[in-house]
Amino acid sequence: MDIDWLKASEEERMQLYKLTFNVGKLLNLTVYQIMDAALGRKIVMGKDYVANFRKGKIRRAYAKLIYEWLTEHHFDLLLQIAPEEFPETPEQRWQAILEERARSDCFRLVLVPKTMGIVERESQLKPADLTLRLGERFCFELDSETEGHAVALQSVRGEWHNIPLGSEGETSAPVQVGKNHLPKAPDGQLDPLAENHDEGLHEFVLVTASEADIPADIKSLVTWVFEHPCDLHQVKVQFVK
């Protein structure tokens with residue numbers, strides 16, 4: 001919804017009430033409970049607040065906070081309820097989240113020599129340039145401040161795909177404090193990646209969190225990242241022949 005909520009009309013605020021009500025039905029929550037979650041308990045709401053909201057008379061600043069809470073926590077439901085009002089795709093939403101939250105200081109690609117095969121020789125790894133050749137072997141390097149888990153995603157021409165990091169093909173892999181190299185094979189050796197076909201700009205993202213069940217698809221991540229403490233790490237690389 002392309003609305004400036006600080007200037008929203010009563011009709012637009014009534015429309016927001018209907019969205020809030022319908023999201024609440026799917027979540028088994030009342031409008032009051034959603035307002036309480038969106039506005040916070042510091043704001044004292046009288047018994048007429050829901051009625052005022054229904055009439056489109058809620059404060060515009062409150063409408064803005066409610067809309068932001070709905071899009072951050074239940075964007076998937078808004079797409080389901082009113083797709084015509086939310087032309088933004090999950091991929092576009094994810095890209096906007098990355099532009100706002102992703103960091104690039106702790107995450108990079110490193111080249112893996114063809115002769116390298118054992119963990120003890122990880123000191124041979126060298127940071128990759130922003131341009132890699134098709135077929136060059138690489139892995140992810142993450143400097144982590146905490147223990148947790150990571151999920152990897154790759155974007156090629158606007159389409160996002162999961163890159164399994166687990167030693168047995170699981171979507172996520174554990175990360176330790178300090179330098180981490182991913183992915184690894186079941187025996188602990190590095191399991192290098194390579195791009196053999198698609199030239200052009202590739203975007204790699206690591207989502208890290210303390211919990212293991214990080215979603216690996218964009219539709220789930222666009223809401224999950226607002227509901228769980230996590231970090232988003234991003235790097236962009238050009239692949240050439």
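**The largest pocket**

Reply: Sixteen is the count here: 16 residues line the largest pocket, and Ser144, Glu145, Thr146, Thr208 and Asp231 lie nearest its centre. This is a predicted model, in which local features need pLDDT of at least 70 and side-chain atom pairs count only at pLDDT 80 or more, while totals for chains, interfaces and linings use all residues. Residues are numbered from 1 along each chain as its sequence is written, and side-chain values use heavy atoms, with hydrogens and water left out.

A pocket is an open set of points on a 1 Å grid over the protein atoms alone, where a 1.4 Å probe fits, with protein on both sides within 12 Å along at least five of seven lines; lining residues have an atom within 4 Å of a point. The volume of the largest pocket is about 170 Å³. That volume is the space filled by probe spheres set on the points.

Four strands each give at least two residues to the lining: S4 (137-144), S5 (148-156), S10 (200-209) and S11 (231-240). S4 has the largest share, three residues. Strands (E, at least two residues) and helices (H or I, at least four) are DSSP runs, numbered from the N terminus. By class, the lining has four nonpolar, seven polar and five charged residues. Ala, Val, Leu, Ile, Met, Phe, Trp, Tyr, Cys and Pro count as nonpolar, Asp, Glu, Lys and Arg as charged, and the others, Gly among them, as polar.

Now the helices. The axes of H2 (residues 31-39) and H4 (residues 60-81) come within 9 Å and cross at roughly 95°. H2 is therefore roughly perpendicular to H4, a label for angles of 65 to 115 degrees. Axes are lines fitted to C-alpha atoms, for helices over the stretch in contact, and angles run from 0 to 180 degrees between N-to-C directions. Ile34, Met35, Ala37, Ala38 and Leu39 in H2 meet Tyr62, Leu65, Ile66, Trp69 and Leu70 in H4. Contact means heavy atoms within 4.5 Å. This contact has 10 nonpolar residues, no polar and no charged ones.

Two backbone details remain. Asn28 is not a glycine, yet has a positive phi of about 60°. Asn28 sits in the loop between H1 (10-27) and H2. A cis peptide bond, with omega about -5°, joins Leu182 and Pro183. Pro183 is in the loop between S8 (178-182) and S9 (193-194).

How values were computed. Parallel < 35°, antiparallel > 145°, perpendicular 65-115°, else oblique.
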